[in-house]
Amino acid sequence: MIYYIYIPTGLNTPMLEILLSEAQELIHKKKIVEFIVFKPGEVFTCSKNIFSQKFISIASEEKIKKGLKKINGNYKISYISNKKKYPEIIRKVNLKNTKNIKKFNFEGIDFGNAINSSYIGLSRDAEFDGLLKHYSLRNLLNSSLNIYFFFKEKLKVKSKVILYNGRHNESRPIVRYCNKNNISIDVMEFSGDGEKNIGVRRFKNHLPTDLKNMEKLIKDFWKYKSPRDNKCDYYFKYKRAGRVINDRVSYILKQTKKLLPVGWDKNKKNIVYFTSSQDEYSCLGGVYDQTIYKNQNESIFKIVNDFKRIRNKKYNLFIRCHPYLKDVFWNYNKDVINLHDPKNNIFVVKPDSPVSSYEMLLGADKVLTYNSQTGIEAVYWQKPSIILGRRVYENLNCVYKPKNHKKLLQLLFNDNLKPKPKLGSIIYASYWVDGGFTYKSFSGSMKTGYKFKNKSIVNSFFIKILYLIAKGTQYYFYNYFLNYKFGKILKLLK
């Protein structure tokens with residue numbers, strides 16, 4: 001049995017440290033380990049480099065190289081080349097039709113979702129308005145095909161693949177290929193609980209975002225492994241306090257405690273819609289597309305229109321835009337902000353507003369979410385929680401899940417709607433508190449930096465500067481100026 005440790009980029013942390021730690025443990029157990037990395041000197045278009053920049057590739061190569069030098073024992077390295085072109089396959093995708101891109105499958109693999117996930121995840125162009133989208137998607141697909149065919153050849157021998165996350169163009173096709181051909185694959189992730197260092201997760205033969213599998217993991221953990229004296233309440237209390245949970249930066253610390261938005265009236269029924277980053281969930285595919293609305297924005301627009309039509313003065317509607325949307329300049333974000341209409345009791349709280357999200361949550365009469373984790377937090381704080389999209393906690397008997405828009409309106413304007421049982425939130429938190437593990441050689445935190453064998457893996461000063469310049473160029477020149485601004489100008493000129 002060969003264990004293939006696939007490291008497509010050295011720029012994600014703790015991805016690099018976790019994969020190196022996994023490899024080191026396998027080597028200590030005398031397993032045959034082979035690292036799979038991109039060929040040095042070649043540029044791959046991937047989730048960290050959607051505009052194919054050389055310096056980003058160089059920074060990634062150096063970091064992987066430094067990490068591999070810290071490994072003790074015998075191992076092999078194989079390199080994926082990105083030289084081959086696949087015009088005959090790429091021509092099958094109509095890159096001008098964004099609906100068809102997402103549906104594109106090749107050999108039963110959802111390449112469309114994979115390349116979309118990489119492009120949208122970095123560009124934030126969830127509605128495919130960008131001038132460079134075709135250029136980027138074409139290159140993402142070509143790189144993805146080179147990676148796919150490399151692994152297809154490699155996996156002819158008895159083997160197991162170990163990679164991280166698995167959502168993007170550089171990895172999702174591998175996960176799907178292994179699933180199709182009954183090849184064992186572990187998808188690693190990290191999600192700390194804010195207290196214990198046991199946040200490493202191993203998803204066997206499925207993506208962390210595969211809803212049914214995740215739901216089973218959470219329920220089985222509660223049933224068979226969770227301590228009966230479960231003390232996971234701090235999971236929600238830490239989030240409220242602004243602690244780092246699920247390895248995410250807390251936005252709470254930038255908000256003013258107890259500050260409520262203008263228009264908040266305790267004598268009225270205050271409904272709060274907490275938005276999530278639409279771009280994060282737009283390319284997961286499968287059950288995530290099985291919703292009563294096309295996307296989060298459509299749900300917001302329909303609710304606002306009916307709120308104006310019904311004109312029930314007892315109710316206020318607040319739309320709390322997620323702070324992560326602060327730097328999103330695309331129209332889908334601005335369209336929501338422009339819904340602010342105090343005369344009709346509709347209030348939009350902008351992403352960068354100092355208003356306290358938790359003060360709004362604790363004071364809300366009802367909480368609406370699409371994909372946001374705030375939906376399960378509302379359950380813990382005993383608020384009626386209504387979910388419109390898909391999330392793993394939807395079947396824990398703790399949230400309302402309307403079957404259509406009419407049913408949603410009935411929930412919104414029901415004066416006697418009660419919170420569902422709090423137990424579902426505890427079941428959910430239990431998995432994220434106690435369901436992970438760690439390695440001897442893995443340490444650190446988001447705050448202090450992650451380490452492999454108690455040492456940080458860092459690039460040379462010169463490479464760091466090149467990388468920072470490349471990242472700035474990627475955001476400001478390629479994505480903002482060319483992809484967004486110049487694209488917008490060209491549309492106006494047509």
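Predicted model: local features only at pLDDT ≥ 70, side-chain atom pairs only at ≥ 80, totals over all residues.
**Entry 1: cysteines**

I began with the sulfurs. How many disulfides does a search of the whole structure find? The search came back with zero. I wanted a reason, so I picked Cys178 and looked up the closest cysteine sulfur. That sulfur belongs to Cys46 and sits 19 Å away, too far for a bond. The cut-off I had in mind for a disulfide is 2.5 Å between the sulfur atoms.

While there, I checked accessibility. Cys178 is buried, at a relative accessible area of 1%. I looked up Cys398 as well, and this residue is buried with a value of 1%.

**Entry 2: salt bridges, the count**

Next came the charged side chains. I found 19 salt bridges in the structure. I went through a few of them, friend by friend.

**Entry 3: Asp129 and Lys491**

The side chains of Asp129 and Lys491 form a salt bridge, with an N to O distance of 4.0 Å. Where do the two partners sit in the chain? Asp129 is in the loop between α5 (111-123) and α6 (133-154), while Lys491 belongs to helix α17 (residues 461-493). That puts the partners 362 residues apart, so I noted the pair as a link between distant parts of the chain. Asp129 is partly exposed at 25% relative accessibility, and Lys491 is partly exposed at 48%.

**Entry 4: Asp186 and Arg202**

Here the closest N and O atoms of the salt bridge between Asp186 and Arg202 are 3.0 Å apart. Asp186 lies in strand β5 (residues 184-190) and Arg202 in strand β6 (residues 200-204), so this pair ties together parts 16 residues apart in sequence. Is Asp186 buried or exposed? I have Asp186 down as buried, at 2% relative accessibility. Arg202 counts as partly exposed, at 27%.

**Entry 5: Asp341 and Lys308**

I then looked up Asp341, whose side chain meets that of Lys308 in a salt bridge (3.6 Å, N to O). Asp341 is in the loop between α12 (331-337) and β9 (346-349), and Lys308 is in helix α11 (residues 296-310). The pair links distant parts of the chain, 33 residues apart. Asp341 is buried, with a relative accessible area of 16%; Lys308 is partly exposed, with 32%.

Conventions:
Residues numbered from 1 in each chain as written. Heavy atoms only, no water. Buried < 20%, exposed > 50% of the residue type's maximum accessible area, 1.4 Å probe, protein only. Helix = DSSP H or I, 4+ residues; strand = E, 2+ residues; numbered from the N terminus.
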